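Here are my notes on this model. Please keep the coordinates open while reading.

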Amino acid sequence: MDSMIEKQNKSIVETLYKALLGQGAMEFQTVSKLLASDLEYWFHGPPKCQHMMKVLTGEIDHKKGFKFEPRSVSSIGDCVIVEGWEGEAYWVHVWTLKNGLITQFREYFNTWLVVRDLRPLRWEEDHHHHKHDSMMTLWRSQPRDLYRRSLPGLVLAI
């Protein structure tokens, strides 16, 4: 994927978080312009932690609810992965963008996440690279504040 598109996708998602934290010049209603009307949503974690979807639907005020302050933002292909932790809650958001619009949102709470590329390698790639397993891992959780906690792990294949 073109690194220019990855940078653009990362910038769009960063703009969304800034708006939700009241740091951007954009009004909260403008956030809806970043989201597809048929946004696909997946959640993994305790039901009481479905904070972002409640914010995006307007069920809770984005300035009074859970504060999503990203600690890291990474762009991989058409996905932007955002990671953060707030007190005891560790979270990862995976946003998928198409043509500058967010079409899918995956929210993970208190779950280690590994993002892997499971597309089959061509023979030339597999033949020349002996570290096939490490090549497949594109991103992994880095919850420094929670390193002693035992959390369930998930693999997200893209």
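Which residues have the most contacts inside the largest nonpolar core?

1. Leu-16, Tyr-17, Leu-56, Trp-95 and Ile-102 do, in a core of 27 residues. A nonpolar core here is a set of buried Ala, Val, Leu, Ile, Met, Phe, Trp, Tyr and Cys residues joined through side-chain atoms within 4.5 Å. Buried means under 20% relative accessible area (1.4 Å probe, protein chains only).

2. This is a predicted model: local features need pLDDT of at least 70, side-chain atom pairs count only at pLDDT 80 or more, and totals for chains, interfaces and linings use all residues. Numbering starts from 1 along each chain as its sequence is written, and side-chain values use heavy atoms, without hydrogens or water.

3. Helices (H or I, at least four residues) and strands (E, at least two) are DSSP runs, numbered from the N terminus. H1 gives the most, with 6 residues.

4. Strand S4 (residues 89–98) is largely enclosed by the rest of the structure, because 9 of its 10 residues are buried. Strand S3 (residues 79–86) pairs with S4 in the antiparallel sense over 8 bridges; pairing takes at least two DSSP bridges. Trp-85 has Tyr-90 as its bridge partner in S4.

5. S4 also runs antiparallel to strand S5 (residues 101–109), joined by 8 bridges. Val-94 stands opposite Arg-106 in S5. The S4 and S5 hairpin has 2 residues between its strands, and Asn-99 in the turn has a positive phi of about 50 degrees.

How values were computed. Buried means under 20% relative accessible area, exposed over 50%, partly exposed in between (1.4 Å probe, protein chains only).
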